[in-house]
Amino acid sequence: MMTLLRVSLILLGVVALSTGEADKAALKEQVLEMFMHGYNSYMKYAWPADELMPLTCAGRVRGVTPSRGDVDDSLGNFSLTLIDTLDTLIVVGAYDEFEDAVKKVVENVRFDSDLIVSVFETNIRVLGGLISGHLMSELLRGQQPQRLKWYTDRQLLKMAVDLGDRLLPAFNTSSGLPYSRINLRNGMSDHLKRQKDTCTACGGTMLLEMAALSRLTGNPVYEEKARKAMDFLWSQRHRSSDLMGTVLDVHNGAWVRRDSGIGAGIDSYYEYCLKAYILLGDHAYLERFNRHYDAVMRYVNKGPLFFDVQMHRPTIATRSFMDSLLAFWPGLQVLKGDISEAVQMHEMLFQVVQKHKFLPEAFTHDLQVHWAEHPLRPEFIESTYFLYRATRDPHYLEVAKTVMDSLNDHVRVKCGWAGVKDIRVMTHEDRMDSFVLSETFKYLYLIFAESDDLIFDPDNYVLTTEAHFLPLHLGDSKENALPRRLMLDPDERLSDAALRSVRPVLPLYGAQKSKERLGEEARAVRERTQNVLEELNALQRHSSGQQVSPQQVCSQNAERLRAIDFNPSNPAQLQQLQEMGITLSYGEDSRLLLTHQGTAAKSQEHAQWGIIFMTEIAEMARAGSAEPSPAAPADPIYVQLLTPPHLGLPVLTGSLALYGSKLHTRANGRITIAQPLRACGTLENRNEVKDSIVIVERSDCMFIEKTRIAQAAGAVGVIVIDSNPDSAWAGSASFSMSGDTKSDDDVHVPTVFLFRKEGEWLMKVREKKREAVDQKEASPDSFLFIADHWFSTWLLHQRERRISGAKEAPICLHTDGLVARIVIDEENEGAGPLYVQFAFRFGPVSTESEPIEHQGIVERHVNHIGSIAEFESNEERHAFMNLVRSAGYHSLGLSVKDEPMTPRLANALRTAIIEETMPDSISGLTGDLTRVRCYVTDKMIPCEIVP
Ligand code: DMJ
C-alpha cells in the first residue's frame, strides 16, 4: 500500500504548497483589483442592463440582445448584476461604490415589466440581493453616519416587498409548489399555467429569502408560502431511499425526472434544508436534511465520486458524468460537520481543476471533460472558502490562488471577465453572469480577508445560495438567549470563553482538535483520495490505450451522443441532435418532444445514430416511469475490490456464466490465483483456494471445467480472465461463458468473465499487495465482492474503519450472515417466502442485561435494516420492522410472543427488496453472529435460533 501511495504522490503532487498566512494580504488586494475590474466594466459598458457582455463591451438587454433561450429567464431588465453585487461591495470595502449603487437601484429599477422571468432565479439573485443590500445599507449607515444619510425609509426592502408580491401568484398551485416562470407585470397567464413541471431546486430554494422578507416586514405570507413548498417537496421524497428526483409536476407532485444526484436540478434544495435550520432554528429542517444527506452518502456517493442514480432504484446509475453545480457540496458538508468527507470530495474537484484549469460544466467519472463550458461559476471556490474557514489549512489558500491565476491567465478581457466556451482550447463566450461578481469574487475575497477587514462578522450570518448575507438573529425566537453563531474557527472551538458567549448553530466538529491536527488529518485524506483517483485513471488509460490530446478529445466528442448523456440545455448537444435529424419542440404542457426525420440528418451514419438515440430515450422514459420492481438478475456483473485503498473503486464490469443454474449471483472472499493459472487439472494450491475467489485464465479447457475444478477445491467464486491480450470491457461485445450441455449443471459457485484489461488490473493489484506484505506493510489478502449491482455499503463500511483508525481488517463474509434475507421456496415457484433469516451481533448485551440495553441493541439493527430495505408502503415497512424486533428479542433469549401473519406482513415479505449487507456494516457492533429464522405460516411467524 505504501508503495502505491508514493507513486501517486509523485504523479499528482504538482502543486508546490507555498501560500501561507503572510501572503494573504497581498492576495486579498489582488482579488479586490480583479473584482473592481469586473464591476467597473459592468458599470461602464453595461449598466443599467442586466448583464455585461465582456467581449462586445456592451450590456445584455432582454428583448434587444438576441435570445439565448431559457438562460435569459434570469434577466428582467432590472439591473440584475448591480442588485446581485450590492453586498459584495460591502465585503470588499468599496463603500463609495456601494452608496452610489444603492442610489442607482432605488432611483432606476422598477419591476413592472411585461417579461417572463424564472421564479427561482429572481428570488435568489434579485430578492436576495435587495434584502441583503437593505441590511448592509442600515449597517453601514449605523457605523458610518456620514454615509447613506438619505437611506431612511427602508427603500430597498420596499422594493423587495414589491418584487415578493409579484412572485406570490406563482405559488397558487394545488401543491403549493411554485410554477417555474411568471410574468412580472401580469402574473400567471393560462399559457404559463400549462407549464406544470418545475425542478426540485427551483421550488425548494425560496425559503431563506421569503422568511427574511416576512421577518423584516412582519408579513408572514412569504414565509408561509415557501414553507408549504418545502413541506410538499419533503412529502414527495422516495419513502424508501429518501432520495429526490430533479423535476416534478407542481400540481400533483408526480416525478417527471427520477434521476437523483446532488447537482443541477436538486442542489440548492438540499442546501436550503440545512440552511433553513441554520437561519430559522427549526429542527424539522435539520432532520430532513440529515435523512437526505444519509441517503446521498449511501447511494450517490462512491468514494470521492458521485453518481446520479434512480431515486426509486438507487443501485442503478443514470448518468455517466458529474456536473459542476455539485461542487457546492463540500461547503455544505463543512456546515454539516462532515469535514473529512468534504476534504475528500474537494480534493477530487481540485484534481479536475488542476487538469483542466477550470471545472467544466460536466466531467466524467475518470475526470475528463464531458461538457467543456465554464461560465466562471462559484461553487468550487465556495467550498474552498468553507473548508478554509473550518480548518485554516493553508492548502486552501493555495487552491484559491490557483483559481485566481487561471482567471487572470485565461479569462480576463478588456471589458471584464469572459465565460469560457471550451476549456480545452480556452475560447471565450460573450457572457459575464451576475454570480461572477455576486459569488465568485466574493468567496475569493472572503478567503483572504481578516475579520477586521469587514464591517460585520460573517459568522453571524448565513449565506444564501447566491451568497447573500442574512443575519442569524432573524431566526432568534428566545429573548435573552446567547446569540447564535456559525462557529467555524478552530481556535474558537478550543476556547471556553468563546463558547460561553455564543451558541454554536452547527456541530462542533473536531472540537478538541487543533489547527495542526485538523491539517494533518486533511492531508492524509487528500493523499488517499489522490491515490484512489490515480488508480482509477490508470485503469482508464489502460483500457482506452493512450493518453489523448485535446484535439482528439474534441473529435471524440463528435462521436454519437448517447441518451444517457443528453442535457437539453447544452447547445453543443442540441447541434448534435440536429445533425442526427432530431428536432426538439415543447408540447402544450411544456414537456420536451423529440422528432426524428432521417432525411434531415447530416449523413447516413448520423441518421442511424438518430434512430439509436430515439430508442435509448424511449427506453429511459420507460425505465423512468416504471414503478419499482424487484431487480431481475442481470448481466453485466460487477467486481469490487474492497481492500483499501480501493474501497470498492474502480468497479470492474464483467459477465456471469450461463451455467450454474442453482447458484447465487453474489460472492465475496479473498483473491487467490490458481496454480496453474489455466486451472484445467488438479490445483497445486488447494489450501489457498479454499473459501476464496479464484482467478483463472481462459483457454486449454472448457469454462465449466475450470469452475468445477475450483469448486472442488472449495472456492466460493471464480473469475475467468480472457486470454486475448488486448480485450477490454469498453469496446467489446458482451460475452457469456456457456456450459456443457451434455452433463448436469452441478455448479453452485458463480463464475464471472473479465476481459483482459480488467483482469490484469486485478492481478496487478494483488501482486502489489503481495510485495507490500513482503515488506511487512500490510495484511496479505485482497478482498473481492462480486454482485449483480455494485455496492456503496462496502465503501461506507470500510471508510468507517479507516476513519476510526481501525487496522485494515479482512472481512469474512458468508451469505448466511446477511443482516436480513427473505428465503423463498424455489422448488415451488409462486408459493412465496418460506422464512426470513436475520443475523444479529449483540456484543456485550445478553439475556441478563438491562431492558434498555436490549432495546438499544435491537433498535440499532431495526434502524439498519430499515435503511437497506425497500417496501411498497409505510404500513408494510412497519409490519416488517415489528418482525425484526420480535426476532431480535427472541435471539436475546427473551420471551416474546410470535408475530401474527397479517396481510401487510405477507405482502411485505413478498415484495420487499433488501440490500445484502453484513452486520459488520452497522458501525461498532461486536460479538458472534446470532442467526434466527422466522418461519412463514398462515397465522403466525414463529422465530427460532439457527444452531
Ligand atoms: C448561482 O446562481 C447559485 O449559486 C445557484 O444556486 C446555482 N447556480 C449559480 C451559480 O453557478
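In which kind of crossing, left-handed or right-handed, does helix 2 pass helix 17?

The model is a predicted one, in which local features need pLDDT of at least 70 and side-chain atom pairs count only at pLDDT 80 or more, while totals for chains, interfaces and linings use all residues. Residues are numbered from 1 along each chain as its sequence is written, and side-chain values use heavy atoms, with hydrogens and water left out.

**Exercise 1. Describe how helix 2 packs against helix 17.**

Step 1. Two packed helices are described by the angle between their axes and the distance between the axes. Helix 2 (residues 24–46) and helix 17 (residues 434–448) pack at about 165°, and their axes are 8 Å apart. Helices here are DSSP runs of H or I with at least four residues, strands are runs of E with at least two, and both are numbered from the N terminus. The axes are lines fitted to C-alpha atoms over the stretch in contact, and the angles run from 0 to 180 degrees between N-to-C directions.

Step 2. Helix 2 and helix 17 are therefore roughly antiparallel, where angles over 145 degrees count as roughly antiparallel, under 35 as roughly parallel, 65 to 115 as roughly perpendicular and the rest as oblique.

Step 3. Helix 2 passes helix 17 in a left-handed crossing, a term used if the near helix is turned anticlockwise from the far one by less than a right angle.

Step 4. On the side of helix 2 the contact (heavy atoms within 4.5 Å) includes Leu-27, Val-31 and Phe-35, and on the side of helix 17 it includes Leu-437, Phe-441 and Phe-448. The residues of this contact divide into 12 nonpolar, one polar and two charged.

**Exercise 2. Describe how helix 2 packs against helix 3.**

Step 1. The angle between helix 2 and helix 3 is about 145°, with the axes 12 Å apart, and the crossing is left-handed.

Step 2. Phe-35, Tyr-39, Tyr-42 and Met-43 of helix 2 make the contact with Thr-81, Leu-82, Thr-85, Thr-88 and Leu-89 of helix 3. Sorted by type, the residues of this contact are six nonpolar, three polar and no charged.

**Exercise 3. Work out how helix 12 and helix 13 are arranged.**

Step 1. The axes of helix 12 (residues 283–300) and helix 13 (residues 329–336) come within 13 Å and cross at roughly 125°. That makes helix 12 oblique to helix 13.

Step 2. The crossing of helix 12 and helix 13 is left-handed. Among the residues that meet are Phe-289 and Tyr-293 in helix 12 and Trp-329 and Leu-332 in helix 13.

Technical notes:
Nonpolar A, V, L, I, M, F, W, Y, C, P; charged D, E, K, R; others polar.
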